[in-house]
Amino acid sequence: MLRNASAQVLKQFVRHGTTDTNLILERSINRVQLLGRVGQDPVMRQVEGRNPVTIFSMATNEMWRSGEGEPTSTGDVSQKTTWHRISVFKPGLRDVAYQYVKKGSRILVEGKLDYGEYMDKNNVRRQATTIIADNIVFLSENLRDQ
């Protein structure tokens, strides 16, 4: 609803013209690709009056060697794991993710970043970053196990 109202206001603004030379309508990109392992089996949730959503966590890892970039890299190897919350709203993909994504699976997720707020059980406002998936690629190593 808000998106439609914003689009109508923008159309009216553009239609009526403007002398503001600083106004430039440009496209932007909100795109994410994650390659990693699933941290938990997906759950499907549905809030009354809304479409269901499949949710799971995913880990990505970064590895580096201390002293990297030096001619003789003999430093210790370090690793950092980052956890991501993945939400799948797209009807067909949502059902496939719920049925076939399993803990430990190595997958590629493509989608967009979404930021939101919620109140936790102690009534404290929290911020959450979620990846809204619009494509999931199951890597061949997962298919051998089935």
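What percentage of the 146 residues of the chain count as buried? The share is 24%. Buried means under 20% relative accessible area, exposed means over 50%, and partly exposed lies in between (1.4 Å probe, protein chains only).

This is a predicted model: local features need pLDDT of at least 70, side-chain atom pairs count only at pLDDT 80 or more, and totals for chains, interfaces and linings use all residues. Residues are numbered from 1 along each chain as its sequence is written, and side-chain values use heavy atoms, with hydrogens and water left out.

**Stop 1: the whole chain**

Show the chain as a cartoon. It has three helices and six strands. Helices (H or I, at least four residues) and strands (E, at least two) are DSSP runs, numbered from the N terminus. Trace the chain along its sequence and the pattern reads α-β-β-β-β-α-β-β-α.

The accessible surface comes to about 11600 Å². Carbon and sulfur atoms hold 49% of that surface. Accessible areas come from the Shrake-Rupley method with a 1.4 Å probe; for residues, only the protein chains shown count as cover.

Next, think about contacts, meaning heavy atoms within 4.5 Å. Take those between residues at least 6 apart in sequence: 59% of them join residues at least 24 apart.

**Stop 2: the largest nonpolar core**

Select Phe56, Ile86, Val88, Ile107, Val109 and Ile136. Of the 15 residues in the largest nonpolar core, these touch the most other members. A nonpolar core is a set of buried Ala, Val, Leu, Ile, Met, Phe, Trp, Tyr and Cys residues joined through side-chain atoms within 4.5 Å. Which elements give two or more residues to this core? They are β1 (32-38), β3 (53-65), β4 (77-88), α2 (91-100), β5 (106-119) and β6 (125-138).

Zoom in on Ile86. Leave aside its neighbours within four places in sequence. Its contacts are then Leu34, Thr54, Ile55, Phe56, Met58, Val109, Ile131 and Ala133.

**Stop 3: Thr130 and its strands**

Select Thr130, in strand β6. Thr130 counts as buried because its relative accessible area is 9%. Not counting residues up to four places away in sequence, Thr130 touches Arg85, Ser87, Lys112, Leu113 and Asp114.

Look at how the strands pair; two strands pair if DSSP finds at least two bridges between them. β4 and β6 run parallel, joined by three bridges. Arg85 stands opposite Thr130 here. β5 and β6 run antiparallel, with 13 bridges. Find Glu117, which stands opposite Gln127 in β6. Then select Asn123, in the hairpin of β5 and β6. Five residues lie between the strands, and Asn123 takes a positive phi near 65°.

**Stop 4: salt bridges**

Side chains of opposite charge can pair when their charged atoms come close. A salt bridge here is a side-chain nitrogen of Lys or Arg within 4 Å of a carboxyl oxygen of Asp or Glu. How many are there by this rule? The count is four.

Visit these pairs (distances are N to O):

- Arg125 and Glu117 meet at 3.5 Å. Arg125 is exposed, at 58% relative accessibility.
- Arg126 and Asp120 meet at 3.0 Å. Arg126 is partly exposed at 40%, whereas Asp120 is buried at 17%.
- Arg94 and Asp95 meet at 3.7 Å. Arg94 is buried at 10%, whereas Asp95 is partly exposed at 40%.
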